[in-house]
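Dear colleague,

Here is the structure I said I would pass on.

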Amino acid sequence: MFDLPELPYRSDALAPVISAETLRFHHGKHHKAYVETLNALLDDAGDTPESLEQVVRDSAADPARAKLFNNAAQAWNHGFFWDAMSPDGGAPAGALAGAVETGFGALADLKAAFVKTGTEHFGSGWVWLLAERGRLKVVATHDAEGPLTLENVVPLTVCDLWEHAYYLDHQNDRKGFLEAWFDTLLNWDLAATQFAAAQDQGQAWTYPTPVFAPGTARTARR
Ligand SMILES: [Fe+2]
């Protein structure tokens with residue numbers, strides 16, 4: 001079964017942009033529910049996948065497994081989102097800073113594109129900074145969709161656009177949330193690691209590997 005990963009910081013560490021109350025609900029209720037539903041669906045099917053990435057990719061194009069895809073992809077997106085934030089924020093450095101300059105002109109222009117894409121996205125979803133090898137792009141995805149089902153891209157960072165991510169702290173001001181989030185919480189260290197991975201230097205982020213008890217798989221129960 002898949003675990004709900006611990007948050008890499010205290011629940012009050014991202015305040016005031018994301019309050020402890022929001023984080024406790026978001027991680028402890030929303031993400032937890034996705035993981036529990038995912039595990040129940042896998043258990044029902046007798047499936048013991050090797051990775052969450054595999055579950056997301058295998059179920060993505062299959063309408064009969066839409067519930068599995070939605071819960072698996074939301075578990076993955078949230079796991080990456082927690083690590084994509086840091087109380088220390090920071091700024092892009094080195095090769096990534098150069099790619100920001102090449103792709104957008106300046107960090108402020110990347111921020112403007114990220115905030116605009118996230119603000120104008122209709123309904124629930126996610127706004128991503130992706131790398132296609134050395135080239136950066138900002139993309140929004142709907143509902144549970146994310147980069148695992150896109151070709152040849154590695155996510156550098158992501159912000160959650162579902163209302164549960166910001167409504168307690170910012171009400172309907174998604175734009176204000178995104179601006180503050182980009183300025184203070186974006187984990188540029190993870191973005192740099194992911195940017196290197198997009199160019200075959202090191203491994204990209206993965207969700208913690210699942211652990212299944214012996215005999216869990218349907219074939220093993222026969
Ligand atoms: Fe969320």
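Below is what was found, beginning with the metal site.

The model is predicted. Its iron ion is coordinated by NE2 of His-26, His-78 and His-164 and by OD of Asp-160, at 2.0 to 2.1 Å. The angles among the four donor atoms run from 89 to 134°, and the site is tetrahedral. For comparison, the ideal angle for four tetrahedral donors is 109.5 degrees. Along the sequence the donor residues follow the spacing H-x51-H-x81-D-x3-H. His-26 belongs to helix α1, while His-164 sits in the loop between β3 (154-160) and α6 (167-170), so this pair ties together parts 138 residues apart in sequence. His-26 is buried at 2% relative accessible area. His-164, at 18%, also counts as buried, because the cut-off is under 20%.

Next, helix α2, which spans residues 52-60. Its buried residues are Leu-52, Glu-53, Val-55, Val-56 and Ser-59. These cover an arc of only 165° around the axis, which puts them on the same side of α2. They pack against α1 (20-45) and α3 (66-83).

The last item is Gln-194, in helix α8 (residues 188-197). Gln-194 is buried, with a relative accessible area of 2%. A polar atom of the Gln-194 side chain lies 2.6 Å from the backbone nitrogen of Trp-205. Leaving aside neighbours within four places in sequence, Gln-194 is in contact with Phe-80, Val-154, Pro-155, Leu-156, Gln-203, Ala-204 and Trp-205.

Regards

Key. Residues are numbered from 1 along each chain as its sequence is written. This is a predicted model: local features need pLDDT of at least 70, side-chain atom pairs count only at pLDDT 80 or more; totals for chains, interfaces and linings use all residues. Side-chain values use heavy atoms; hydrogens and water are left out. Buried means under 20% relative accessible area, exposed over 50%, partly exposed in between (1.4 Å probe, protein chains only). Helices (H or I, at least four residues) and strands (E, at least two) are DSSP runs, numbered from the N terminus. The arc is that of the directions from the helix axis to the C-beta atoms. Contact means heavy atoms within 4.5 Å. A polar contact is a pair of N or O atoms within 3.5 Å; within protein, one must be able to donate a hydrogen and the other to accept it, and residues adjacent in sequence count only if both atoms are side-chain atoms. Donors are N, O and S atoms within 2.8 Å of the metal (3.2 Å for Na, K and Ca); water is not among the atoms, so sites may look incomplete. Four donors count as tetrahedral if all angles lie between 85 and 135 degrees; four count as square planar and six as octahedral if opposite donors are over 155 degrees apart and all others between 65 and 115; anything else is irregular.
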